[in-house]
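Here is a short exchange for someone new to this protein. Look at the sequence and the fold first, then read on.

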Amino acid sequence: MTGASFQRGRDLRGDLSLDVDAIVVGTGAGGSVALRELARVGLQAVAFEEGALSRSGDFDQREDHMLPRLFQEMGGRTTEDFAIRVLQGRGVGGSTVHNTNLCKRTPEPILDLWARKYGVAGASVAEMAAAFETIERDLSVSPMGADVRNANNEVLRAGCEALGWRGGPLAHNRVGCQKSGFCELGCSYDAKQNALKVLLPQAVAAGASVYSDVLVTRIVHDGARVTGVRGVLLDAYGVPQGAVEARARVVVLAASAVGSAALARASDVPDPSAQLGRGLRLHPGAAVAGRFDRTIAGWRGIPQSYECTEHLSYEEGSDRRVWIVPAFAHPIGAAASLPGFGASHMAAMRAYPNLAVLTAMVHDETSGEVLAGDDGRPVLRYAMTDADRTQLARGIAACARLLLAAGAREVTIPAIPPVRVTSTRELDALDLSFVRPHSVPLTAVHPMGTLRMGEDPARSVVRSTGEHHHLRGLFVSDGSLFPTSLGGPPQISIYAFALHLAPHVIERARG
């Protein structure tokens, strides 16, 4: 292998052949940690990333440029039935490049549930504490205080206070933030302390190599152990221009709960218990907008610095499974999301500076599936259960109530047709049966759970060590591991579990 470096696959000519100790597929939260830890102990490790390598100067804050560059399928990925838009990262750094930096540890009740019901060993709060502490230190995680809270987040805080609902500030991994509000389009100011800025450079400094523009198409194995991967080099337009073959004792899947599962299925990874790719959780959400008499300018400042947990329980089967945070869209996204045509749509956009937006995300119990599509793209099969649809309706109503309590003149639920209320009396009288997929635009940004960990091979895909039950040397180091939804942002949990499981990956890579 050539010297440690960042390599752009689009700049390479011919085929690429490598012999290393370990291969990491994906460079987001989990992949960056796995790569760094492998390199730090002197192992030859390489990471392959399907998307481009970007630097702060590439993030030009234009939606029409950044959505195709930073998101899978140019931001157009959906579930098979088109009911839910699924936003996922594509590029070196994965979704940590475009996310809003939310940092919450895996809730204790969730870890307890995984141990009790799903057979996950070695991942109690006490056993995970060191990993969380290390990651939070490495990424400079800190709480977002009132002094950096923008008007959109202040609306949520005011609504919680007026209703007496439980809420509080969130922690982020950002240093030197200029409060531009363009977090979802990549940080032009290099303030995000993420995989791209912090962990991958540390991995390269320790001896690892990172190749962008490499689409891994198959995990090579003999049915009992892995021997490497095959793939293709992509040019700047995503067109294959050369073959890739890499050989290693260990392959780490870190391509997300969608990408890792689809690759494993396309590679005919052993699946005697029919668990692989199943158990998909999406944490789907819907947005609600409130129009105020004052300027909100929700696009300015730090997004999502406050949360409402009044309606969130981590108990399985609970009737309170909704997490509420602020949301906002830049002009193109807002124009596409706001209902109406012609004059009515123009009026809605003219009110854009006066809008505050909240989103209700369901801590879902729907179990979906990821398949490998014939055209090479993953297929996400996910049909919300009645119980989850009920939670979504309650979450939308709760967002509307918060906005009205904070002083909104009018609240819009962008349903088909749109629903508008101006008082709690109208909200209380509202028939929420219209809240269902296809009638309300839904978005998901937290896919989880398709390669679940656990000690029972009949109910899980990988062991609690992250290694596949039946394929020696195949590890998982992303949100695929999680047996259930987290009910909150997964990035810190993914980072921490990757670090927690890294010693097992290292042991196997050493042979």
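Student: How far apart are the centres of domain 1 and domain 2?
Tutor: This is a predicted model, where local features need pLDDT of at least 70, side-chain atom pairs count only at pLDDT 80 or more, and totals for chains, interfaces and linings use all residues. Residues are numbered from 1 along each chain as its sequence is written, and side-chain values use heavy atoms, without hydrogens and water. The domain bounds come from an automatic or database domain assignment. Taken over C-alpha atoms, the separation of the two centres is 31 Å.

Student: Which residue does K104 meet in a salt bridge?
Tutor: A salt bridge needs a side-chain nitrogen of Lys or Arg within 4 Å of a carboxyl oxygen of Asp or Glu. The rule finds two across this interface. For K104, the N to O distance is 2.9 Å, and the partner is E307.

Student: In β25, what is the bridge partner of L253?
Tutor: Strands are DSSP runs (E, at least two residues), numbered from the N terminus. Two strands pair if DSSP finds at least two bridges between them. β14 and β25 pair in the parallel sense over three bridges. The partner of L253 there is V476.

Terms used. Helix = DSSP H or I, 4+ residues; strand = E, 2+ residues; numbered from the N terminus.
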